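Notebook open, structure loaded. I want to go through a few local spots and then the overall picture.

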Amino acid sequence: MLSKFWTLRRKARKAPVAAPSADSEPVPPQTEEPYSAGEFSIDDYRPMKVICIGAGFSGILAAIRFRQKVPNLDLKIYEKADGVGGTWRANRYPGAACDVPSHCYQFSFEDQVPCFCYSVKAPFVDCDYNSQWSSLFSTGPEILANIERIVDKYKIRKYMNFNHELTHAKWDASSGQWIIRVRHGDEELQDSCDVLLLCIGSLSRWHWPEVEGLKEFGGTLVHSAQWNVGDGASQEEVENWRDKTVGIIGNVGPELLERLFAGSSGIQIAATIHPKIKKMVTYARQRTWIPPPFFVNTLMSILERDPTDTNMAISDEEREKLKDPKQFKSFRHTIEQQMNSFHALVIRESEIQKQAKKNFEERMRQGTAAKPGLLEKMLPTWSVFCRRLTPGEGYLEALCADNTTYETTPIKRVTRAGIELTDGRVDELDVLVCATGFDVSYHYPFDVVGRGGITLNERWSPYAEAYLSLAVDGFPNMFLVYGPGSGLNSGSFFVMVESQMQYVVKAVQKLQAERLKSMEPKKEATTDWTEHMRAYFPKTVYMDTCNSWYKAPDGTVVGLWPGSSLHAIRALANPRWEDYEYESMDKTHNRLQWLGAGHTENERTMTGDLAWYLNAPDVPPIPE
Ligand SMILES: Cc1cc2nc3c(=O)[nH]c(=O)nc-3n(C[C@H](O)[C@H](O)[C@H](O)COP(=O)(O)OP(=O)(O)OC[C@H]3O[C@@H](n4cnc5c(N)ncnc54)[C@H](O)[C@@H]3O)c2cc1C
C-alpha cells in the first residue's frame, strides 16, 4: 500500500496533460499548490510518545537510551510483574546464576567510570558502577540487586508502571498511533503512542508442562520461573527440605513437552539442592553436554591465582583491586575478548568444534566415573553448542551422589503421591519441581493488530520473522528488542541488545526529525532476511537433532541471530533506511520539507548555546 510512496507523490506532481482531440477544447494542465518551506525550526522536534512493554534488561536500556537521545519524549513502560528485572525477578529458584562471567553480564557503559569516581581526593571510592561482584558467576539475587541499582542510578523508575500487562495493541493508520490496552488488576486501561517497543523477552512466558495429572499432585508443586514456596527466599526454604524426596522434571524431550524449553534451570536446581534434601530424582529425556567450567583458566590467571583453582568466589582483596577502573576495564576486556572467540565452534565440523567435543566428553567421563552407566545415558550425539550450554558447576557430582537417581524412562503421569513412569514404576515424592522452561513459540498471549487487521500471530505463522530481528512489515512504528532472531550462543546478550537499541533509537530519531508519520520494513527486505537465515544455519551445529529453545518444532532456527555477536554489532550499526517504507506527516510532495525555515530553534529564540558543535569535537588522532 505504501510502496513507492515518494514515487507516487512525484507522479502526482507532474500533472498529466490530456491529449487534444479534434472535437474538444484542449484541457489546461492541472496545477498543484506550489511548494512552500515549513515555518518551523529544523530542530523543533515534534513530541514522540514511546511505550515500551517490559522492564527487564531490555526495557531498562530503552528507558536509559531514549531519555538520553530522543528530545521531546513522552516515555511509558508497562510491566506485568510487580517490579523490574524480568528474567531475574521471575527466576528465583535455588541455584539461579549467571552462565557467563558476571563482569560481562552488564551494560557496556556501566564500566565507564565518571570522573568524580577517581578524583585525586578520593581515589576509586564509591564508584557507581559494578566491579564488585561477589563471584565470577554471580547468583540471581545479586544480578537483581544490580538491576535495581541501575534503575535508581539512571532515575528511570518514574517511567515504569508495574502490574500492568499489555493485552492488546492495534495500529491506527489514520492517526499513525498504536492504541493499546493494558490490564491493571481488575481494570483495563487504554493508552496510545507513536512508537511501540516490545521488550518482552524470549524466555518470559512460562507454562506448566502438559503432563497428565500434574494438578493432582498432593505434595509441593513448584515451577522454576515462579518459585513461590515459603516466603520466596528460595535458598532458605530448601533448608527445610532435609527429609524430603524431590523430583525435578527438566530436560524433557519434545514428545512429552511440546515447545517447552528446559535444561539450564533444572541443572542449576539439582546441583544446588541435592546436598540439602533426602533424595532427588531428576527426570531427563534429553541428553546434554556438561562443559568444563567456562573461562576458568583465564579468569584465574587474571586474578593471579593457580589456573586450576575452582573457587568462583571473589575475595575481598581481589574486589579491592577491581575498584581500580583501569584494572577492571582490562579484566572485563580480557574476559569479553575470550567470550567472543568461540564463534567458530558453531560451524559444523570445525576443528575447534571437534576439539570441544573431545574435551567435553572427557570432562563428563571423569565427572560421572562414580556412577557406572550414567555417562551412556547423558552423552549427546549432537554437537557441542547445538543447545545453549550451562556451566553446570556441581551437576555431575550431584548426579553421582547416593541420594540421586537420573531417570530417563518417560513419565506416564503424575499421581497424588508422585510420578508414574511408562514402565509401571512409581516414585513417591514430597516436592515436584517443574524446570520445564518457557513457551518459545513467539506466539504472544495478546493480539498485536497491524495494517489491514492482520495480527502478529497470523503474520508469524508458521514462523516468527523480524527484519534484522527488530521490525516487522505491516506493523509500522513497532520494534522488538531480544525478539526472534536475536539469540546468541556465543558472546554477550548485552552486545546484542545494545546494538538493537542503538538501531531503534536511530529509527525513532529519524521519524521525529524527518516528520514521518510511520516507517516499516519492506516485505521484500524481510523475505531477504529470512532467506539469508535459511542459507546461513545449515552450516552450523544448530541444525543437529537437538531440542533447543531457538528452534521451531520442525528444526527451523527462529530464535538466533545468523552470526556472531561481533557480526551483529557491525550489521546493526548502519541501518539500511532504503529497506523501509515511509509515510510523511505533511501533505506535500517534497521529501525535504522537514528542512523547515532554515534556522535552528536556538537561533529563532536567540537562547541557548549557539556554538554547541565545539563542545565535543571529534578529534582525529595525530599519526606517530
Ligand atoms: C532462568 C534463566 C537464566 C538465564 N541466564 C542467562 C545467563 O546466565 N546469561 C545470559 O546471557 N542470558 C541468560 N538468560 C537469558 C535472559 O533472558 C537474558 O539475558 C535477559 O535477562 C533478557 O532480558 P529482557 O529484558 O530482554 O527480557 P526479560 O528479562 O524476559 O524481560 C521481559 C519483561 O517483559 C515483561 N512482559 C512480558 N509480557 C508482558 C506483557 N504482556 N505486558 C507487560 N509486561 C510484559 C515480563 O514480565 C518481563 O519482566 C537466562 C534466562 C532464563 C530464563
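Predicted model: local features only at pLDDT ≥ 70, side-chain atom pairs only at ≥ 80, totals over all residues.

I started at Ala-552 and asked for its contacts, leaving aside neighbours within four places in sequence: Tyr-463 and Val-558 came back. Contact here is a C-beta to C-beta separation within 7 Å, with C-beta atoms placed from the backbone. Ala-552 sits in the loop between helix H15 (523-536) and H16. Helices are DSSP runs of H or I with at least four residues, strands are E runs of at least two, and both are numbered from the N terminus. Val-440 is 112 residues away from Ala-552 in sequence, yet their C-alpha atoms are 8.5 Å apart. Ala-552 counts as partly exposed because it has 16 C-beta neighbours inside 10 Å. The cut-offs I use: buried is 20 or more other C-beta atoms within 10 Å, exposed is 12 or fewer, partly exposed is in between.

Numbering runs from 1 along each chain as its sequence is written.

Next, the loop between H13 and E17, where I looked up Ser-469. Buried or exposed? Ser-469 is buried, with 28 other C-beta atoms within 10 Å. Skipping neighbours within four places in sequence, Ser-469 contacts Gly-483, Pro-484, Gly-485, Ser-486, Gln-500 and Trp-561. I also noted Pro-562, 93 residues from Ser-469 along the chain, with 9.9 Å between the C-alpha atoms.

Pro-462 is in the loop between helix H13 (456-459) and strand E17 (478-480) too. I checked omega there: the Ser-461 to Pro-462 peptide bond is cis, near 5 degrees. For context, most peptide bonds are trans, and most residues other than glycine have a negative phi.

Arg-515 is not a glycine, but its phi is about 55 degrees. Arg-515 lies in the loop between H14 and strand E18 (516-521) and is partly exposed, with 17 other C-beta atoms within 10 Å. Met-606 has a positive phi as well, near 50 degrees. Met-606 is in the segment after helix H17 (601-605) and is exposed, with 7 other C-beta atoms within 10 Å.

H14 brings Val-495, Met-496, Ser-499, Gln-500, Gln-502 and Tyr-503 to the contact, and H16 brings Ser-565, Ala-568, Ile-569 and Leu-572. By class that is six nonpolar, four polar and no charged residues. Ala, Val, Leu, Ile, Met, Phe, Trp, Tyr, Cys and Pro count as nonpolar, Asp, Glu, Lys and Arg as charged, and the others, Gly among them, as polar.

I found 144 residues in it, with Val-50, Ile-60, Leu-197 and Val-481 touching the most other members. Helix H14 (residues 493-513) gives the most to this core, nine residues.

The ligand came next. 30 residues surround the ligand, and the closest are Gly-54, Gly-56, Ser-58, Gly-86 and Gly-201; near means a backbone-placed C-beta atom within 6 Å. Helix H2 (57-69), strand E4 (165-172) and helix H6 (264-273) each give two or more residues to the shell, and H2 gives the most, with three. By class I have 15 nonpolar, 11 polar and four charged residues in the shell. I looked at H6 separately: 10 of its 10 residues are buried, so H6 is largely enclosed by the rest of the structure.

Last, totals. The chain has 17 helices and 19 strands, and 39% of its 624 residues count as buried.

Technical notes
Core = buried A, V, L, I, M, F, W, Y, C linked by C-beta atoms within 7 Å. Contact = placed C-beta atoms within 7 Å.
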